[in-house]
Amino acid sequence: MPTTCSSIDPGPRSARGHERAVKGCTSCALHEGREQPVVGDGPRDARLLIVTDVPRRHEDIHGHALAGSSRNVLDEALLHVGIDPASVRRTSVVRCRPPEDRTPTADEVATCSAHLSGELSLVSPEVIVSLGAMPTSVLLGRPVRLERVAGYRLDILGGVTLIPTFHPSEVVRGVPAASIALRRDLAVAKAVLDGRMGSGAQARSELRSRLQQQARRSATGPRVHA
Ligand code: SF4
């Protein structure tokens, strides 16, 4: 589970309660400079939740997670793999834009993560796609390098499949391979949702069996006698 802070109650929420909690939140200093916090947009019962890191200028103006070019890139990639963008919910770990677009502090991330916990209880997604290292680390509860986990099916929160991938802003910036990776990883999410690929829990159990088989083979393999 994401790190939470006792100043925000992440308990069970209605959609309206969640919106009220985010819009009225003053639990950290980031509320002082915001235009609009990111509440999360898309169906309340979406099977796929996309989690980004922190609002920038466009997100702050519109109050949406992902706006402007990043949203266009993401929606194009979703359509490319056969996912209707209107069926997806998008949200953000940090809800208020930091001044000068500085990196949020660890305390700010931890405090705001309670809203993510509340939204996860509200939406109960089957699959989460995390965009970039920060949301991936928060959802896994430990720091990770994105390159090491991108495209993998991971099991979190007792049965939710997490698929980390690159942030669409990397595609906008022209980072090599980001566009291919984003589409590849969204295609994995689509395959899990369609039942063509196993969940994160199944992927973990398959890996465990493979490792056990390898260990058995090496234990019973041919012995070389001197
Ligand atoms: S960033 Fe999050 S915790 Fe901080 S004021 Fe905004 S909603 Fe509240």
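How many bridges join strand 1 to strand 3, and do these strands run parallel or antiparallel? Four bridges join strand 1 (residues 48–52) to strand 3 (residues 127–131), and the two run parallel.

Before the close-ups, a quick note: this is a predicted model, in which local features need pLDDT of at least 70, side-chain atom pairs count only at pLDDT 80 or more, and totals for chains, interfaces and linings use all residues. Residues are numbered from 1 along each chain as its sequence is written, and side-chain values use heavy atoms, with hydrogens and water left out.

View A. Five strands line up in the order 2-1-3-5-4, with mixed pairing. Strand 2 (89–92) and strand 4 (154–156) are the edge strands, each pairing on one side only. From one strand to the next, the twist averages 30 degrees. Here, strands (E, at least two residues) are DSSP runs numbered from the N terminus, and two strands pair if DSSP finds at least two bridges between them.

**View B. Strand 1 and its partners.** On the strand 3 side, L49 has I128 as its bridge partner. Strand 1 also pairs with strand 2 in the parallel sense, over four bridges, and I50 stands opposite R90 there.

**View C. The two faces of strand 2.** R89 and T91 on one side, and R90 and S92 on the other, are all buried (under 20% relative accessible area, 1.4 Å probe, protein chains only). In a regular strand, side chains alternate between the two sheet faces.

How values were computed: Axes fitted to C-alpha atoms, helices over the stretch in contact; angles between N-to-C directions. Buried < 20%, exposed > 50% of the residue type's maximum accessible area, 1.4 Å probe, protein only.
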